[in-house]
Amino acid sequence: MHRPTLSPGRRALLAAAVVAAATGVPLPAGAAAAAPTVDRQQRYAAAAAEYGVPIDVLLGVSYLESRWDSNAGTPSTSGGYGPMHLTDARHVAALPGRGHHDAGTEDPRGDDSRPALAPAPPQAADPAPPSTALQTVDTAATLTGAAPESLRTDPDVNIRGGAALLAAYQKELGAPVGAGTDPATWYGAVARYAGADSADAAAAFADEVFTTIGTGESRVTDDGQRITLPARAVQPERSWLDRLGLRRLARPDGLECPRTVSCEWIPVPYEAFGDGDYGNHDLSDRPARQKIEYIVIHDTEASWATTLKLVQDPTYVSWHYSLRSVDGHIAQHVKTKDVGWHAGNWYVNAKSIGLEHEGFAAQGTWYTEAMYRTSAKLVRHLALRLGIPLDRQHIIGHDNVPGTIASTVRGMHWDPGPYWDWSHYLDLLHAPRLDTGTPATGLVRIDPDPATNQPVFTGCVTPGVPCAPRGSSSVVLHTAPSADAPLVNDIALRPDGTPNTMEVSDHGTRASAGQTYALAGRQGDWTAIWYLGQRAWFHNPASAPTARWTVGVVATPKPGRATIPVYGRAYPEQAAYPAGVPYQTISPLQYTLAAGQRYAVGAVLAGEYYRASTFDGSSPGDWTVIRGENRYAQIQFGHRIMYVNLADAQLLPSPVGAPR
């Protein structure tokens with residue numbers, strides 16, 4: 001039997017009563033008759049009381065799914081809806097516009113010395129129906145009597161559905177039910193809610209929920225609701241996990257994941273096909289052979305099942321780790337010592353680790369908190385082990401990777417897109433932030449509040465049609481200090497000089513959280529930065545700033561040079577190449593850096609080229625790093641990082657007396 005559905009007024013009254021009991025503040029006279037309007041915090045309390053779930057548990061689970069956000073009724077990257085992430089994969093699969101939005105034309109290997117890899121194979125729908133973990137809205141509908149559409153789009157109904165699911169899972173385990181029960185006994189139900197297919201992943205999810213309960217959280221949601229989870233020390237009874245009967249993952253020696261996350265080894269093939277062809281990655285010995293500089297954040301543009309099929313295709317691409325949306329589970333595919341084919345730029349590939357996150361850059365507009373947290377734990381683990389700075393010059397998106405030469409810039413991918421919450425991700429990474437600057441120091445670090453920063457992008461489903469209002473960590477750049485001014489132009493994307501657009505895939509007119517730019521001017525509530533060779537203005541009012549002043553180093557042309565070239569890779573000069581190894585041309589991009597302009601420097605790098613062209617390393621120079629005299633500064637030139645040769649540029653401390 002399931003509980004009768006309460007009317008909105010009765011639920012409101014119950015919520016008020018629960019809050020009154022919890023706070024010791026009595027209901028006002030006449031409250032029973034008035035049925036006062038209640039806020040989201042009270043909705044959680046009402047749902048917890050209705051279904052006998054401890055409020056700490058309900059809030060903790062919801063936070064780890066969505067951070068209590070409603071996400072404008074849009075699905076997550078694993079087909080989940082609302083604050084409780086009720087999944088409806090069947091409904092999502094039928095939505096218009098589902099597909100590979102970020103196909104691009106880039107060669108994922110990005111090495112001119114080898115033939116380009118073929119475009120990605122067509123992504124057929126997964127043959128199996130969605131698992132129960134991806135279809136929880138059906139069970140929630142049965143338990144609550146609510147329509148699936150309401151469970152997807154109404155946050156209050158969604159919260160009731162999540163509470164009903166937790167209670168049902170608790171009963172199935174034979175555990176005690178009731179709002180007053182010890183939260184510790186709910187460990188098994190919380191683990192079940194993750195939808196994980198292994199005990200390791202379920203336990204990792206549950207552990208994170210109970211850690212959140214222990215530390216407490218409080219924030220304003222994307223629709224303006226203040227939610228608070230007071231800190232409460234709970235020692236969960238992990239023995240309840242055994243009753244779920246989930247498989248235990250093998251954890252082989254050499255698995256490069258922190259112990260606190262669920263991780264398994266699903267290796268990619270390394271095979272020769274004849275005629276010198278092989279795949280799907282290159283062997284190396286990093287960091288002994290070559291320092292790893294970057295960790296690249298991708299989204300998969302495919303479901304978990306399809307993602308695993310693609311990475312195990314010996315003829316195509318590879319990356320080091322995949323992360324699952326529903327529970328944050330990780331699969332490692334390539335050892336970090338070896339080079340994956342993922343970023344579309346061989347220089348970056350040779351010096352990076354690639355992480356693919358299950359999701360779609362446009363259509364699935366939000367990523368689960370479980371995946372954000374697991375990803376941040378993995379990245380921090382790798383960065384600390386390998387000496388990679390935790391900043392946006394080294395922890396980059398695929399959309400920040402430059403084209404190798406002018407002809408490849410236009411086809412570069414743009415994932416994870418403007419809805420990846422870099423602000424929150426940097427917080428989870430515990431990334432250091434230098435906010436000691438002033439306008440006079442001349443550098444700004446982009447830092448909008450995604451709860452209030454909601455640019456109206458278009459094309460998430462249909463080109464030109466506005467996307468659902470969603471928080472974003474990107475600011476939009478104009479040619480003048482006005483919202484009515486045209487957007488800036490990216491000459492590589494629009495060679496005719498016309499403005500870029502608000503299409504979700506059009507990254508040529510935005511900057512995102514954590515990226516640092518040199519100040520180019522200030523006027524009222526607007527700030528200008530140097531961006532792709534021009535001044536670019538964004539709204540930055542003092543009352544609600546979208547950027548922070550910081551300090552650092554900038555690159556500018558050496559005295560006497562009107563312009564200097566900008567590059568997409570930092571390769572050595574021709575004289576550095578040994579006999580038998582083809583010279584990789586140092587070819588500039590479409591852009592130039594003019595005198596008087598400044599760009600923030602993220603690193604100073606030696607010119608390097610990792611030679612890998614054969615399966616067994618038998619070609620001259622193979623499996624060696626070629627280094628020369630060239631040295632480069634990595635700069636934040638547009639939305640993507642780029643490079644300038646130090647023979648052309650001078651590096652200066654962020655200037656005193658910067659433009660105002």
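Biologist: How many helices and strands does the chain have?

Modeller: The chain has 14 helices and 28 strands, where helices (H or I, at least four residues) and strands (E, at least two) are DSSP runs numbered from the N terminus. This is a predicted model, in which local features need pLDDT of at least 70 and side-chain atom pairs count only at pLDDT 80 or more, while totals for chains, interfaces and linings use all residues. Residues are numbered from 1 along each chain as its sequence is written, and side-chain values use heavy atoms, with hydrogens and water left out.

Biologist: Why is Tyr278 called buried?

Modeller: Buried means under 20% relative accessible area, exposed means over 50%, and partly exposed lies in between (1.4 Å probe, protein chains only). Tyr278 has a relative accessible area of 3%, and is therefore buried. Of the 660 residues in the chain, buried ones make up 59%.

Biologist: Where is Tyr278 placed, and which residues is Tyr278 in contact with, leaving aside its neighbours within four places in sequence?

Modeller: Tyr278 belongs to strand 7, residues 277–279. With contact meaning heavy atoms within 4.5 Å, and with neighbours within four places in sequence left aside, its partners include Arg114, Phe273, Trp341, Ala612 and Phe615. The C-alpha atoms of Tyr278 and Asp616 are separated by 9.8 Å, although these residues are 338 apart along the chain. For the chain, 72% of contacts between residues at least 6 apart in sequence join residues at least 24 apart.

Biologist: What makes the pairing of the Tyr278 and Arg114 side chains a polar contact?

Modeller: A polar contact is a pair of N or O atoms within 3.5 Å; within protein, one must be able to donate a hydrogen and the other to accept it, and residues adjacent in sequence count only if both atoms are side-chain atoms. The side chains of Tyr278 and Arg114 make such a contact at 2.8 Å, and the side chain of Tyr278 makes another with that of Asp282 at 2.4 Å.

Biologist: Is Thr144 buried or exposed, and which backbone oxygen does its side chain reach?

Modeller: Thr144, in helix 6, has a relative accessible area of 1% and so counts as buried. Its side chain reaches the backbone oxygen of Ala140 at 2.7 Å, and a polar atom of that side chain lies 3.1 Å from the backbone nitrogen of Ala146.

Biologist: What makes a set of residues a nonpolar core, and how many residues has the largest one?

Modeller: The term denotes a set of buried Ala, Val, Leu, Ile, Met, Phe, Trp, Tyr and Cys residues joined through side-chain atoms within 4.5 Å. The largest such core has 54 residues, and those with the most contacts inside it are Val53, Leu58, Met84, Leu166 and Val190. Among the elements that each supply at least two residues of this core are helix 3 (40–51), helix 8 (155–172) and strand 4 (226–229), while helix 10 gives the most, with nine residues. Not counting residues up to four places away in sequence, Leu166 touches Val53, Leu58, Met84, Trp186 and Val190, among others. A second, separate core of 41 residues includes Ala547, Val554, Tyr591 and Ala633.

Biologist: Why is Val604 called partly exposed?

Modeller: Val604, in strand 25 (residues 599–611), has a relative accessible area of 38%, which is why it is termed partly exposed.

Biologist: How do you know that the peptide bond from Gly279 to Asn280 is cis?

Modeller: Its omega is near 0°, and Asn280 lies in the loop between strand 7 and strand 8 (281–282). A cis peptide bond also joins Asp415 and Pro416, with omega about 5°. Most residues other than glycine have a negative phi, and most peptide bonds are trans.

Biologist: Which value of phi does Glu301 have, and is Glu301 buried or exposed?

Modeller: Glu301 is not a glycine, yet has a positive phi of about 55°; at 1% relative accessibility, Glu301 therefore counts as buried. His430 likewise has a positive phi, near 55°, but with a relative accessible area of 56% His430 is classed as exposed. Glu301 is found in the loop between strand 9 (294–299) and helix 11 (304–311), and His430 in the loop between helix 14 and strand 15 (443–446).
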